[in-house]
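Student: I'm new to this one and would like to learn how to read it. Can we go through it together?

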Amino acid sequence: MANTYHQIYIHLIFAVKGRQSFLKKEYRHDFFKVMFSLIKDLGHFPICVNGMSDHVHCLVGLNPDMKISELVKDLKTKSSHFLSDKRWSNSKFQWQNGYGAFSYSKSQIDKVYKYILNQEEHHKTMSFREEYIGFLKKFEIEFKNEYLFEFYPDEI
């Protein structure tokens, strides 16, 4: 075959360290636009970026020449630097270690896109923890609850 063709859609989910409510509503939309641009600059096709104050969802058309782990690492690093430079908060911003990556077919993209855009509505009735565990169960990914999130003394 002379050319390479691909269609790989990945839904990424990752959280603010300690699940702090760092991504304030007043600048969240602008920040998600920046993340959208960063995904594009990293060589992938951004479809949708949205989230809440403590986590982010990104729907990405993945460049098959690059690893998902490299995309997430670079996206977290560059977006952290952006937030630090903006000084939208008095505290230091950090992403939590780890992430979720879930694959979808083209026929599912519209549904995933709408789900990501409606984060505020979903989180009126469901916590981020419940949402994330729901994805793990839906995709039949085994996990140990004690290793799911980084815990801090006030959560024990």
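This is a predicted model: local features need pLDDT of at least 70, side-chain atom pairs count only at pLDDT 80 or more; totals for chains, interfaces and linings use all residues.

Student: Then which residues is lysine 76 in contact with, leaving aside its neighbours within four places in sequence?

Tutor: Those are Phe14, Trp95, Gln96, Asn97 and Gly98. Lysine 76 itself sits in helix α2.

Student: Is lysine 76 buried or exposed?

Tutor: Buried means under 20% relative accessible area. Lysine 76 has 12%, so it counts as buried.

Student: Now helices. How do I read which way the residues of a helix point?

Tutor: Here's the general idea: an α-helix has 3.6 residues a turn, so residues three or four places apart point the same way. Now take helix α1, residues 25-41: its 17 residues reach 25 Å from first C-alpha to last, close to the expected 24 Å.

Student: Which residues of α1 are buried?

Tutor: Tyr27, Arg28, Phe31, Phe32, Met35, Leu38 and Ile39. Looking down the axis of α1, you'd find these buried residues within an arc of 150°, so they line one face of the helix.

Student: And what is exposed on the other side of α1?

Tutor: Glu26, His29, Lys40 and Asp41 are exposed there.

Student: What covers the buried residues of α1?

Tutor: The cover includes strands β1 (9-15), β2 (45-52) and β3 (55-61), along with helices α2 (68-86) and α4 (119-122).

Student: What comes just after α1?

Tutor: Have a look at glycine 43, which takes a positive phi of about 95°.

Terms used: Residues are numbered from 1 along each chain as its sequence is written. Side-chain values use heavy atoms; hydrogens and water are left out. Helices (H or I, at least four residues) and strands (E, at least two) are DSSP runs, numbered from the N terminus. The expected span of a helix is 1.5 Å times one less than its number of residues. Buried means under 20% relative accessible area, exposed over 50%, partly exposed in between (1.4 Å probe, protein chains only). The arc is that of the directions from the helix axis to the C-beta atoms. Contact means heavy atoms within 4.5 Å.
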